[in-house]
Amino acid sequence: MLPSNHPSEDRRSSATCLPGRGGVLFAVFDGHAGAACAHAVSQRLFYYIAVATLPLRTLAELERAVEEERAVPPLLEWHKYPQDHSYPDGGAMPFHSLRNYWQERLEGEEEDNQDCGRLSSALINAFRRLDYDLSVEAQVHLSTSSPRRVSLPGEALSLSSPLRVALSGCTACVAHVSNSVLHVANLGDSRAVLGVQDPEGRWSAVSLTNDHNAQNPDELQRILGEHPPSECRTVVRHDRLLGLLLPFRAFGDVRFKWNIEMLSRVYETRPDVLSAVSEAVRTPPPHYLTPPYLSAQPEVTRHHITPSDKFLVLATDGLWELMHRQTVIQLVGEQLTGLQQQRPIIPGMGVTLGSLQRLLLERRGRVLSVLEDLNAATHLLRHALGDDGYGAVAPNRLMKMLSLPAELARRYRDDITITVIHLNEPDL
């Protein structure tokens, strides 16, 4: 993760699902109008996915543990990195919302043992339910407010403030890997791109996501079709939703979802929260006639992993604004090949010291250009910022891009968050 905003509005998460069908989850989140929504969703979405995918009998065991005030067995094993943002306890309200979700599953569903299509629908339900809960929690918080209420010290500034979370927003791109099947759920304009290697060693980039913005004709038609023809000139202006928001799908952003009466109440009664969020959020959107304008329904892709599928790159739009997907896959593929060529050589019978030296020198020459970094994500960042136009890194350019002051960095690039998931590579 490389920030340009201060603080960064990007987040990332990775975890192993412990009970039920299992699997590993990876995700990147791109926040806007502040980091509050991305921070909350990065903490909570995986729990909603776990609840959406667990067998009902497991959910019943969880409910009994809560009722009997016993310890609830963990749903996730988080994989954290030293530089990751800390995740403090979210408090009683997020747990209450999650428990309501599994209770409704217990009351309204029958056990489904068919895996085909089950995970895709579970991912969609988890996304939509978390967004619904973020909205409800903000409305509950708003209902306890009195006009011109004065906040407790630090309350409006807290990243966990329900209103602040709901007024900001974030996109999300989630990958779930289990039993050689990959599901990708995407909301917004982050991307998941698969690195595929053919038998001749050539690399190709396979996109597993579509951008949800004005550059996607199908998405543009979807937005226009959900509102009256009289709004055809105002729903999307300057390639932005109501002239303001670039992604057409996102968590939070309730000022594109709530009715006008609810929004008016926010602007009339919570100046404390409005003063703590991005300036762009402090006034109602123009031409706000037939909400909701923004969706939190992800687009889900299912892919069976084959031996030629070597890795998956998840990244926020900050990377894709700087590099084409084929360049990204080529760089990671060459770096991966270089690492493989560094494995020990076991000489056969009859190999002389001279021939072994020649072999080592040849191997060294092949890999020097791709071993700048052992970490694939760092390798991509180095090339994204320091590319000299000929496929190499210009050290001076890289140094200048990394040393830009915070107030200038945002003019040149966005926050960049990258996760590279190696497939069919047991040694990595």
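These are my notebook entries on a predicted model of one protein chain.

**Overall counts**

I began with the whole chain. I found 14 helices and 13 strands in its secondary structure. The chain has 428 residues, and 50% of them count as buried. I then looked at contacts between residues at least 6 apart in sequence, and 75% of these join residues at least 24 apart.

I turned to strand 1, residues 10-17. Is strand 1 mostly covered or mostly open? I noted it as mostly covered, since seven of its eight residues are buried, buried being under 20% relative accessible area.

I looked up which strands pair with strand 1. Strand 2, residues 24-32, pairs with strand 1 in the antiparallel sense, over seven bridges. Within this pairing, Ser 13 has Ala 27 of strand 2 as its bridge partner. Six residues lie between the two strands of this hairpin, and Gly 20 takes a positive phi near 70° there.

Strand 3, residues 76-78, also runs antiparallel to strand 1, and three bridges join the two. Here I found Ala 15 opposite Trp 78.

**Helix 3**

I checked the length of helix 3, residues 92-108. Its 17 residues should span 24 Å at 1.5 Å a residue, and its end C-alpha atoms are 24 Å apart, so the two values agree.

Which residues of helix 3 are buried? I listed Pro 94, Ser 97, Leu 98, Tyr 101, Trp 102 and Arg 105. They cover an arc of only 130° around the axis, and therefore lie on the same side of helix 3. On the face turned away from that buried side I found the exposed residues Ala 92 and Glu 107.

I then asked what the buried residues of helix 3 pack against. The partners are helix 1 (36-53), helix 2 (56-67) and helix 4 (118-143).

**The largest nonpolar core**

I recorded 41 residues in the largest nonpolar core. Val 41, Leu 45, Phe 46, Ile 49, Phe 127, Val 174 and Phe 251 touch the most other members. The elements giving two or more residues to this core are strand 1, strand 2, helix 1, helix 2, helix 3, helix 4, strand 4 (169-178) and strand 5 (181-187). Helix 1 gives the most, with 12 residues. For background, I noted that nonpolar side chains tend to be buried together in soluble globular proteins.

**Helix 7**

My last entry is on helix 7, residues 260-269. At the N-terminal end, Asn 259 caps the helix: one of its side-chain oxygens lies 3.2 Å from the backbone nitrogen of Glu 261.

The buried residues of helix 7 are Leu 263, Val 266, Tyr 267 and Thr 269. They pack against helix 4, helix 5 (162-167) and helix 8 (271-274).

Why does Thr 269 count as buried? Thr 269 has a relative accessible area of 9%, and the cut-off is under 20%, so it counts as buried.

How values were computed. Residues are numbered from 1 along each chain as its sequence is written. This is a predicted model: local features need pLDDT of at least 70, side-chain atom pairs count only at pLDDT 80 or more; totals for chains, interfaces and linings use all residues. Side-chain values use heavy atoms; hydrogens and water are left out. Buried means under 20% relative accessible area, exposed over 50%, partly exposed in between (1.4 Å probe, protein chains only). Helices (H or I, at least four residues) and strands (E, at least two) are DSSP runs, numbered from the N terminus. Two strands pair if DSSP finds at least two bridges between them. The expected span of a helix is 1.5 Å times one less than its number of residues. The arc is that of the directions from the helix axis to the C-beta atoms. Contact means heavy atoms within 4.5 Å. A nonpolar core is a set of buried Ala, Val, Leu, Ile, Met, Phe, Trp, Tyr and Cys residues joined through side-chain atoms within 4.5 Å. A polar contact is a pair of N or O atoms within 3.5 Å; within protein, one must be able to donate a hydrogen and the other to accept it, and residues adjacent in sequence count only if both atoms are side-chain atoms.
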